[in-house]
Structure formats: C-alpha cells, structure tokens
Amino acid sequence: GCFEAIMPSARWRVECRFIKHKSDVNVLVHLSIRINALEELLYDLDSTRGPNRYSLGTEIGNLINGGQKRWIVVTSADIQTVSLSILDTVIKVGVPYLEKYSLLKHAIDIFYNDDKSAWLHSPIDDARAKRALGAAFLLGDVPMFHEMSKRKTILLENRSDSGIDSFIKIKKELEARLEHTSRRPLI
C-alpha cells in the first residue's frame with residue numbers, strides 16, 4: 001500500500017513494501033519525492049525517460065540508522081502496533097525528509113555527491129548526474145553547473161556508464177540554454 005501527496009511543486013510517495021516469510025511478514029517503508037520542475041525539464045530534454053519519474057527517495061531505515069528498518073507482523077494482533085509505529089516513524093522521520101528534499105536547494109546536495117550517502121537516495125549514477133545538472137540549471141548556479149558537468153562526465157566515462165550518451169545530450173542542451181538565459185534562478 002502507499003500514500004501520495006500531490007503539491008504544486010512536488011509529489012510525495014510513502015510506500016509500504018511487504019516481504020512474506022513462512023512465519024511472519026516484514027514491512028519496509030520507502031519514501032519518494034518528485035520535484036516537478038526538475039522532472040519536467042529532464043523529460044523535455046529526454047522524452048524516453050517518462051514524464052512521471054521520482055527525483056529521489058530512500059528506505060526510511062536509511063534515515064534512522066543507515067540500513068533497513070523492518071516492522072514484523074507475526075499475527076493479526078501485531079497489525080495495530082506495527083501500523084502505529086510506522087505512522088509515528090513516518091511523521092517523525094519521513095515528513096521532515098520529504099519536506100527538506102522537496103526543495104531543489106537541498107536536493108542538489110544529494111545529486112552533487114557520488115558517495116554511499118548519495119546512492120542511498122539516488123542510486124543510478126547517470127540519473128543522479130542528469131538531475132545534478134538540471135538542478136544547477138534551474139537554480140541558476142552557473143559555476144556549479146559547469147563544475148558538475150565536468151565532474152559527472154568524468155565519473156560516467158570512468159565507469160563506462162551506459163547512460164553517458166543521454167547525459168551528454170542533456171548537458172549540451174542545457175549549456176545551449178544557459179547561453180540564452182541570465183544568471184537568475186529559473187524557479
């Protein structure tokens with residue numbers, strides 16, 4: 001099951017995932033954020049990616065202790081306790097995450113990095129690289145755009161990433177657009 005909240009600038013998704021075992025069911029909670037302006041820009045530049053992609057997300061346990069958080073249901077009597085615990089965790093941990101990273105000025109920190117912390121929120125290198133460029137472009141941060149353009153190109157080339165061609169296409173299009181816009185933020 002899942003919950004979605006749709007706002008003018010973003011969409012949130014809180015999804016419960018169930019892992020069935022012989023004697024119990026484990027519940028995991030995954031949080032996802034779609035930053036509308038960013039995803040619309042990237043879709044405009046590469047319509048093969050689909051219009052309704054989420055920008056970043058993570059399993060809620062990564063925010064608590066850097067690993068999975070599982071709630072265990074053994075009998076139907078556990079459902080209420082587990083449900084209340086999940087709700088409490090989503091309110092205390094999930095909502096602040098969703099609120100913070102729905103803002104491009106914070107999300108860019110995840111897209112900027114290429115370490116384990118970035119992978120926990122955006123695991124695919126070329127997708128994270130494209131979002132880094134798109135975020136810098138939308139924020140009007142031209143120096144950061146050029147720095148990320150160079151750094152992400154090197155990263156994808158060194159890893160022989162299959163998404164390098166579409167990244168280069170997006171990079172060139174955004175560079176052309178930068179030449180025609182002022183340095184003010186676009187959003």
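Which residues of α8 are buried? They are Ile-164, Phe-167, Ile-170, Lys-171, Leu-174 and Leu-178, where buried means under 20% relative accessible area, exposed over 50%, and partly exposed in between (1.4 Å probe, protein chains only). Seen down the axis of α8, these buried residues fall within an arc of 125°, so they line one face of the helix; the arc is that of the directions from the helix axis to the C-beta atoms. An α-helix has 3.6 residues a turn, so residues three or four places apart point the same way. On the other side of α8, Asp-165, Lys-172 and Glu-179 are exposed. The cover over the buried residues of α8 includes α1 (36-45), α6 and α7 (142-158). Helices here are DSSP runs (H or I, at least four residues), numbered from the N terminus.

A word on the model: it is predicted, local features need pLDDT of at least 70, side-chain atom pairs count only at pLDDT 80 or more, and totals for chains, interfaces and linings use all residues. Residues are numbered from 1 along each chain as its sequence is written, and side-chain values use heavy atoms, with hydrogens and water left out.

Now to the core. The largest nonpolar core has 44 residues, and Val-29, Ile-33, Leu-56, Phe-111 and Leu-174 touch the most other members. Such a core is a set of buried Ala, Val, Leu, Ile, Met, Phe, Trp, Tyr and Cys residues joined through side-chain atoms within 4.5 Å. Helix α6 (residues 125-139) gives the largest share of this core, seven residues.

Finally, the cysteines. The whole structure has zero disulfides, a disulfide being a pair of cysteine sulfur atoms within 2.5 Å. The sulfur of Cys-16 is 8.8 Å from the closest cysteine sulfur, in Cys-2, too far for a bond.

Terms used:
Helix = DSSP H or I, 4+ residues; strand = E, 2+ residues; numbered from the N terminus. Contact = heavy atoms within 4.5 Å.
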